[in-house]
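Have a look at the sequence and the fold, then read on.

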Amino acid sequence: MLIAPTLPLRRRFEPLRSPPPSPIRVMIQPILNRIVRDVTRTLPELFERLGPHRHSRFLIDARDLPFVLLLRPDPDRPELVAWPRRAEPAHDTRISGRLRDLLGLIDAQRDGDALFFSRDLDIGGDLEAVVCLRNAIDDVEGSIADRVADALGPASRIAWALLRRRHARPGRGGGR
C-alpha cells in the first residue's frame, strides 16, 4: 500500500493546549483576554492587513518578564495567552526584546528596523509574518497601547502612564 504525503493547503485553526497554571497566569490572563477582544472589536483593519498571517502564532518574549506571550491574531478567535518560560508553546515566529522596546513598538514610539539592526530586537521564524504584523501595527492611527489602556478603564490609563514614564526616562529605557 502506497501512502502519499499530504500537505495542508491552508492552516487550520488548532486550539492551544492550556499552559500550566501559575499565579501570574491566573492574574494576568483575564486582562490579556480583554485586551485581545477589545483590539479585535475596535481595530478590524489590523487583521485584514495581516492577510494569510492572521492565523500565525507569534511568540512575544519580553526578556525581563517571567513569562512569554503567544499571540494568534485570528479575527474569528483571537488569542493572547501568557505561558511560563519553561513550557513555551509551539509558534511560527518569535519576537524577543526588552519590555521597554516592545512597549515602544506598540506605542508607536520606537522604530522596529532600528531596534532590529541594533540587535535590541531578535526575530526568528517566519519573517514575512513579522513584517506583516509590523506593517499592520504601523498603519494604525495613534497608539494601540493608548487605545487598550482607555478601553480597560481609569486604573489602566494611570498604570500605562506610569509604565510609559518609567520606561521613557534616560538610563531606564528612553535614552541610549
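Read along the sequence, what pattern does the chain follow?

## The overall layout

Going along the sequence, you get α-α-β-β-β-β-α-α-β-α-α-α. Keep in mind that this is a predicted model. The tally of secondary structure is seven helices and five strands.

The chain has 176 residues, and 40% of them are buried. As for who touches whom, take the contacts between residues at least 6 apart in sequence: 63% of these join residues at least 24 apart.

How much space lies in the largest pocket? The figure is about 1,600 Å³. Lining that pocket are 47 residues, and the ones closest to its centre are Ile60, Leu69, Leu102, Leu103 and Ile106. As a general point, rolling a probe the size of a water molecule over the atoms shows where empty space is left.

Sort the lining by class and you find 40 nonpolar residues, two polar and five charged. Which helix gives the most to this lining? Helix H5, covering residues 127-138, does, with seven residues.

Now for the charges. In general, side chains of opposite charge can pair when their charged atoms come close. The model has 11 salt bridges by the rule used here.

One of them joins the side chains of Arg57 and Asp92, at 3.0 Å from N to O. Arg57 sits in the loop between helix H2 (44-50) and strand E1 (58-62), while Asp92 sits in the loop between strand E3 (79-84) and strand E4 (93-97), so this pair ties together parts that are 35 residues apart in sequence. Buried or exposed? Arg57 and Asp92 are both buried.

Another salt bridge brings together the side chains of Arg94 and Asp61, at 2.9 Å from N to O. Here too, distant parts of the chain are linked: Arg94 is in strand E4 and Asp61 in strand E1, 33 residues apart. The two partners fall in separate burial classes: Asp61 has a relative accessible area of 4%, so Asp61 counts as buried, whereas Arg94, at 24% relative accessibility, counts as partly exposed.

Arg94 also forms a salt bridge with Glu88, with the closest N and O atoms 2.8 Å apart. Glu88 is partly exposed because its relative accessible area is 30%, and the buried class stops under 20%. Which residues are linked in the network of salt bridges? They are Asp61, Arg85, Glu88 and Arg94.

## Gln29, a buried polar side chain

Last stop: Gln29, which you'll find in helix H1 (residues 23-42). The relative accessible area of Gln29 is 7%, so Gln29 counts as buried.

What does Gln29 touch, leaving out residues up to four places away in sequence? Its contacts are Leu80, Val81 and Ala82. With Ala82 there is a polar approach as well: a polar atom of the Gln29 side chain lies 3.0 Å from the backbone nitrogen of Ala82.

Methods. Residues numbered from 1 in each chain as written. Predicted model: local features only at pLDDT ≥ 70, side-chain atom pairs only at ≥ 80, totals over all residues. Heavy atoms only, no water. Helix = DSSP H or I, 4+ residues; strand = E, 2+ residues; numbered from the N terminus. Buried < 20%, exposed > 50% of the residue type's maximum accessible area, 1.4 Å probe, protein only. Polar contact = N/O pair within 3.5 Å; in protein donor to acceptor, adjacent residues only side chain to side chain. Contact = heavy atoms within 4.5 Å. 1 Å grid on protein atoms, 1.4 Å probe; cavity = no way out; pocket = protein on both sides within 12 Å on 5 of 7 lines; lining within 4 Å. Points joined across faces, edges and corners; volume = space filled by probe spheres on them. Nonpolar A, V, L, I, M, F, W, Y, C, P; charged D, E, K, R; others polar. Salt bridge = Lys/Arg side-chain N within 4 Å of Asp/Glu carboxyl O.
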